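This report describes the salt bridges, core and surface of the model shown below.

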Amino acid sequence: SPLPCFSFLPPPPPPTLTPAVPHYVTLGLTVVYTVFYSLLFIFIYIQLWLVLRYRHKRFSYQTVFLFLCLLWSALRTVLFSFYYKNFVTANTLGPFPFWLLYCFPVCLQFFTLSLMNLYFAQVVFKAKSKYAPELPLYLLFLFISLVFLVVNLACALLVRMSSAETQTIVLVRVAINDTLFVLCAVSLSLCLYKIAKMSLANIYLESKGTSVCQVTAIGAIVILLYTSRACYNLVVLAVSNKKINSFDYDWYNVSDQADLQSTLGDGGYIVFGVILFVWELLPTALVVFFFRVRGAQPVLTAAPTDSLSPVAVFFFFVFFCTLPH
């Protein structure tokens with residue numbers, strides 16, 4: 001039999017793994033994301049200053065919307081500031097900072113959607129010159145908002161403080177969250193449809209510096225974005241046992257669920273930025289654009305939705321007092 005052939009040459013080096021996206025690209029994208037959120041924060045801050053400058057009502061739907069969006073943009077800016085050098089810290093936060101930076105911004109977006117329902121529902125009732133059921137409406141949307149808040153807070157704490165299966169918690173959370181998003185989007189679409197058919201509502205909106213076309217367009221885009229976001233979440237989680245690489249679902253968790261992604265990746269970062277822009281930054285920017293300050297407020301004899309009623313003030317006060325400290 002032939003003698004075995006031995007080779008004394010060193011083995012070839014193993015192949016070197018390189019990131020899918022160069023470091024300077026991810027760093028540049030992080031800078032872009034941070035700049036976008038910072039600019040939105042500055043713009044909203046200027047709008048709130050203009051409310052005082054032009055002596056608008058300090059507690060109105062406009063100021064509440066702007067304040068919620070200001071808080072949302074501030075939290076997103078703080079989150080991305082971690083990703084310059086401290087991305088490990090950003091992915092290993094304690095229970096409350098984890099909930100505050102990752103989960104609470106989604107709650108704020110849902111609160112703005114609920115407020116949009118209240119705002120346009122009041123326009124519809126006042127245009128009909130009928131009794132506006134303020135208390136039932138406020139109770140309904142307060143209850144829905146509290147359910148959304150409690151579900152997100154409980155799921156975030158379970159992920160960080162218990163050994164429960166993460167996949168099950170995410171499934172429950174996404175199912176409840178996105179169902180409420182879809183229901184509120186459907187309700188908002190009905191309000192916009194009724195407004196488009198009412199001449200008195202058209203007159204009121206035009207007196208506020210906007211038009212039915214603007215309201216319909218902005219509302220339709222917001223509804224489409226939130227509904228597509230919810231449907232995507234539900235579909236992906238429904239087939240989550242299978243391998244899904246087409247849309248980088250793990251990176252979307254950093255944007256919304258933040259439960260299944262523990263370390264930063266490379267290839268999904270660009271997709272992550274697109275998702276942030278389309279499903280987060282764009283709808284929030286549209287809401288801010290609609291409720292921006294349009295100069296000095298004209299004197300109107302019939303401006304039923306300019307300010308919040310005492311009932312609304314009470315329930316919003318109770319709502320914010322229930323937030324965890």
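Are Arg76 and Glu280 buried or exposed? Both Arg76 and Glu280 are buried, where buried means under 20% relative accessible area, exposed over 50% and partly exposed in between, with a 1.4 Å probe and protein chains only.

The model is predicted, so local features need pLDDT of at least 70 and side-chain atom pairs count only at pLDDT 80 or more, while totals for chains, interfaces and linings use all residues. Residues are numbered from 1 along each chain as its sequence is written, and side-chain values use heavy atoms, with hydrogens and water left out.

**Salt bridges**

A salt bridge is a side-chain nitrogen of Lys or Arg within 4 Å of a carboxyl oxygen of Asp or Glu. By this rule the count is two.

| Pair | Closest N and O atoms |
|---|---|
| Arg76 and Glu280 | 2.7 Å |
| Glu280 and Arg229 | 3.9 Å |

Arg76 lies in helix α2 and Glu280 in helix α10, so this pair ties together parts 204 residues apart in sequence. Arg229 belongs to helix α8, so its pairing with Glu280 ties together parts 51 residues apart in sequence. Helices are DSSP runs of H or I with at least four residues, numbered from the N terminus. Arg76, Arg229 and Glu280 are linked in a network of salt bridges. The relative accessible area is 0% for Glu280 and 2% for Arg229.

**Helix α2**

Helix α2 covers residues 61-82 and has 22 residues. From first C-alpha to last it reaches 33 Å, close to the 32 Å expected at 1.5 Å a residue; the expected span is 1.5 Å times one less than the number of residues. Of its 22 residues, 16 are buried.

**Core**

A nonpolar core is a set of buried Ala, Val, Leu, Ile, Met, Phe, Trp, Tyr and Cys residues joined through side-chain atoms within 4.5 Å. The largest one holds 72 residues, and Phe104, Phe110, Phe111, Tyr119, Phe120 and Phe181 touch the most other members. Helix α4 gives the largest share of this core, 21 residues.

Contact means heavy atoms within 4.5 Å. Not counting residues up to four places away in sequence, Phe110 touches Ile144, Ser145, Phe148, Leu180, Phe181 and Cys184. Thr112, in helix α4, is buried with a relative accessible area of 6%. Leaving aside neighbours within four places in sequence, Thr112 is in contact with Phe65, Leu68, Cys69 and Tyr226.

**Surface**

Ile42 is found in helix α1 and is partly exposed, with a relative accessible area of 46%.

Methods:
Helices (H or I, at least four residues) and strands (E, at least two) are DSSP runs, numbered from the N terminus.
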